[in-house]
Amino acid sequence: MKKKIAKYVSLNVIGMVGLSVYILADTFFISWGFGADGLAVLNMTLPLYGLMYALGSMIGIGSSVIYSLRRASGKDVSWYFMQSICWTLIISIPFVLLGIFVPKQVLALMGADAALQKMGEGYARLCLMFAPAFMCNYTFTAFCRNDRAPGIAMAAQLSGSAFNIVFDYVFMFVCGLGFTGAALATICCPGLSMLICLIHFLGKKNTVGFSRHRLSFSYLKSAVPLGMSGFVGEISNGFTSLVFNYLCLGIAGNVAVAAYSVIANIALVVVAIFNGISQGLQPLISDSYGKGRKDDVSMVLRSGLIITAVAEALFVAAGFLATDPMIGIFNSQHNAELLAIAHSGLRQYFLGFVFAGINIFLLAYYSATARARIVVTGSLLRGMILIALYGFVLSRIFGLSGVFLSFAASELTTLIVILAMGRFAI
């Protein structure tokens, strides 16, 4: 079991980091080509990505958890994959329509002024129109991982990210497509990732069925609560960006939004690693739980908590010891005001990772063992309710520092609530 834990964690962490890299690539190349205004536009699109990823994650991960649990208990799961894909496609339709008809208005809703709307219209349009690919990618990789093929799932995520890094530069600068070029590179990533997953699904070791079945609302109702940790894990980035963008604009304008964009994109990698640990161990927890192997479940739980705690310590230390070098990667114009805001803001924000990693893992654990009430409550608290509450309250008291410290306050409160509700034995 220890070897399985190491394998699933390492492969999935690498894959999740790779998945987050294409956002970082956009950030780097856009900051290089368009400076603080470009970063502000990109950060205003993060809530759109966050919502797309969240819904795709909720259905894909929730479906894969049910698939793993029920397969372990000997039930027919041959139609679960197609249910997940069909529901994801249906939910993606509003994004496509927004991209076709009103991308500028969507950016305006995110807080963009007329100049930023003009700059980012093409980027927002393409990303929204290709929402089905972004969202379905979660089902492909989650089912691949739960069908004992974590290596292929990792390769799928890394391949998409590698493509994005190369073609961000090619489309934006060699072809001269600017923001639209960044979008073109980004929308290719999930398509390539899903093609890689087909290596497993069309191979001899595949046990995922592709049977057709009428759309089942009861299936959706059972998948959504178990995917809530994945949903909030993704949407919290977008929702936090939406709240923080609003607060930063009111306190210090576009430069503060650009500074937060740098912090948010660095934090994406950290969150991706915590999600990688959690999602990597989920198949092992669900399979052991479904077969009634309590000792194995406890071993995976303890191992996950230890790995997460070590990762938290390393990331918080890095946030304090390498603050300016990390910021400098995205501050290509050497904007002194941006650096000053991001320097203190990154350190204050990273304090939240003392608690966030444990929260992410515990919620994934309760999801994998089908305890939906804890998952829904904890996920909503950390991803939406508390971050907004603390953000508005602390910003009134401490200004920009209060905005960034609200992340730590919300994660600490959530951890207390989860532990009180769980009362589990490690």
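**Figure 1. Thr 323, a buried residue of the predicted model.** With a relative accessibility of 2%, Thr 323 falls under the 20% cut-off and therefore counts as buried. This is a predicted model, so please read every view here as a computed one. Thr 323 belongs to helix α12, which covers residues 323–328. Its side chain makes a polar contact of 2.9 Å with the side chain of Arg 347. Apart from neighbours within four places in sequence, the residues in contact with Thr 323 are Ala 318, His 343, Leu 346 and Arg 347.

Figure 2. Let us follow helix α6, residues 150–174. How far apart are the end C-alpha atoms of this helix? They are 35 Å apart, which agrees with the 36 Å that its 25 residues should span at 1.5 Å a residue. The helix has a kink of about 30°, and the kink is centred on Phe 167. Buried residues of α6 include Pro 150, Ala 153, Ala 156, Gln 157, Gly 160, Ser 161 and Asn 164. Asp 168, Phe 171 and Met 172 are also among the buried residues of this helix.

Figure 3. Three residues are worth a visit here. Arg 148 sits in the loop between α5 (131–146) and α6. Although Arg 148 is not a glycine, it has a positive phi of about 60°. Just after α6 comes Gly 176, with a positive phi of about 70°. In the loop between α14 and α15 you will find Ala 370. Ala 370 is not a glycine either, yet its phi is positive, at about 65°. Is Ala 370 buried or partly exposed? Its relative accessible area is 41%, so Ala 370 is partly exposed.

**Figure 4. Ser 241 in helix α9.** Ser 241 is part of helix α9. Its relative accessibility is 1%, which means that Ser 241 counts as buried. Leaving out residues up to four places away in sequence, Ser 241 touches Asn 43, Leu 46, Pro 47 and Tyr 260. Val 257 lies 16 residues from Ser 241 along the chain, and their C-alpha atoms are separated by 9.1 Å.

**Figure 5. The second largest pocket.** This pocket holds about 210 Å³ of space. Its lining has 14 residues, and Pro 47, Leu 48, Leu 51, Met 110 and Leu 242 are the closest to its centre. At least two lining residues come from each of α1, α2 (80–101), α3 (103–109) and α9. Pro 47, close to the centre of this pocket, is also one of the residues touched by Ser 241.

Terms used. Residues numbered from 1 in each chain as written. Predicted model: local features only at pLDDT ≥ 70, side-chain atom pairs only at ≥ 80, totals over all residues. Heavy atoms only, no water. Helix = DSSP H or I, 4+ residues; strand = E, 2+ residues; numbered from the N terminus. Buried < 20%, exposed > 50% of the residue type's maximum accessible area, 1.4 Å probe, protein only. Polar contact = N/O pair within 3.5 Å; in protein donor to acceptor, adjacent residues only side chain to side chain. Contact = heavy atoms within 4.5 Å. Expected span 1.5 Å × (residues − 1). Bend = angle between axes of the 7 residues up to and from the residue. 1 Å grid on protein atoms, 1.4 Å probe; cavity = no way out; pocket = protein on both sides within 12 Å on 5 of 7 lines; lining within 4 Å. Points joined across faces, edges and corners; volume = space filled by probe spheres on them.
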